[in-house]
Amino acid sequence: MEILRTVADCLRWSRSRRSSGGEETSQLIGLVPTMGALHAGHASLIRAARARCAHVAVSIFVNPTQFGPNEDYARYPRSFDADCALAQGEGADAIFAPSVEEMYPPGAATFVEVEGLDSRLDGASRPGHFRGVATVVAKLFIAAQPDLAFFGQKDAAQVSILRRMVADLRLPTEIIVCPIIREPDGLALSSRNVYLSADERRQARALSRAVRWIEAMAAKGERNPAVLAEAARQIFAAEPLVRVDYAELVDWATLEPVESAAPGTLFAVAAWVGTTRLIDNTILG
Ligand code: AMP
């Protein structure tokens, strides 16, 4: 497995891999963008990429521009050696792990904004977050030139933003969305789960409980988004360490609130558990 540190090296890797099978074979390049601290959720993305692509790169980059000034950029978990071992074990061919200066050269002034969508859901409570995400993913796509890029449904709003970006810029990369991987008790895997105390960890189950409850209510025919959102809030109200940021039913493409929940509607929640902000969601069936 190659470790690539610069955009030029990543581009060279991608070009050489693409042509490695000769002109007759199509050699799909897959990219799995991550911020490291890899867990079984990331592993599932790498496996999905492995299943569809001849060559798989995993990027590991804690992207400063998607963190707010009072967020956890400095203390975000970093475990490069273990990440490389996990990625290699899942069959990754290359790790792209650039420095901040490589991704943001001194004086960098170019950003990608997906207007409108970027102020919905997490974008409302984390101003500038999706601008940072769209910008870094555009840069990763330029470096790795992937045919397919694999993202988790766990970050459902991120998927909407990136699909809009790919459509608007007519980027030659297809976004593939993979299911949310959970702990046995339902908690969605997240690199931030390590921040939770034992009490917080217990109460954090409220997020997945709310998701399952809303799925069940919708399956029984409840369509009113206000009723569904209120039911979710009641679940959080029972947990003193949990403070809801949002619990909303939205159109997954536009992130606009829906008037009536329907198959394909995104139910998304974000909550503070102690000082840790967690997210979860479901696409109604
Ligand atoms: P991150 O390293 O947290 O930025 O996440 C990198 C990618 O892994 C994103 O596409 C996430 O949506 C995805 N991901 C994170 N947690 C999970 C999970 N529990 N299940 C599936 N994918 C996940």
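**View 1. Q145 in the loop between α6 and β5.** Q145 sits in the loop that runs between α6 (129–144) and β5. Helices (H or I, at least four residues) and strands (E, at least two) are DSSP runs, numbered from the N terminus. The phi of Q145 is positive, near 50 degrees, and the residue is not a glycine. Most residues other than glycine have a negative phi. The relative accessible area of Q145 is 35%. Q145 therefore counts as partly exposed, the class between buried (under 20%) and exposed (over 50%), with a 1.4 Å probe and protein chains only.

This is a predicted model: local features need pLDDT of at least 70, side-chain atom pairs count only at pLDDT 80 or more, and totals for chains, interfaces and linings use all residues. Residues are numbered from 1 along each chain as its sequence is written, and side-chain values use heavy atoms, with hydrogens and water left out.

**View 2. L121 in the loop between α4 and α5.** L121 lies in the loop between α4 (100–103) and α5 (122–125). L121 has a positive phi of about 45 degrees, although it is not a glycine. L121 is buried, at 3% relative accessibility.

View 3. The side chain of D155 places an N or O atom 2.6 Å from an oxygen atom of the ligand. I181 uses a backbone N or O atom, 2.8 Å from a ligand nitrogen atom. L189 also uses a backbone N or O atom, 2.9 Å from a ligand nitrogen atom. The ligand alone exposes 480 Å², and the protein buries 93% of that. These areas come from the Shrake-Rupley method with a 1.4 Å probe; for residues, only the protein chains shown count as cover.

**View 4. The shell around the ligand.** Around the ligand are 17 residues, each with a heavy atom within 4 Å of it. H42, G152, D155, I181 and L189 come nearest. Elements giving two or more residues to the shell are β2 (29–34), α2 (40–52) and β5 (148–152). The largest share, three residues, comes from α2.

**View 5. T34 in strand β2.** T34 belongs to strand β2. T34 is buried, with a relative accessible area of 8%. From T34 to A262 the C-alpha to C-alpha distance is 31 Å, and the two are 228 residues apart in sequence.

Notes:
Polar contact = N/O pair within 3.5 Å; in protein donor to acceptor, adjacent residues only side chain to side chain.
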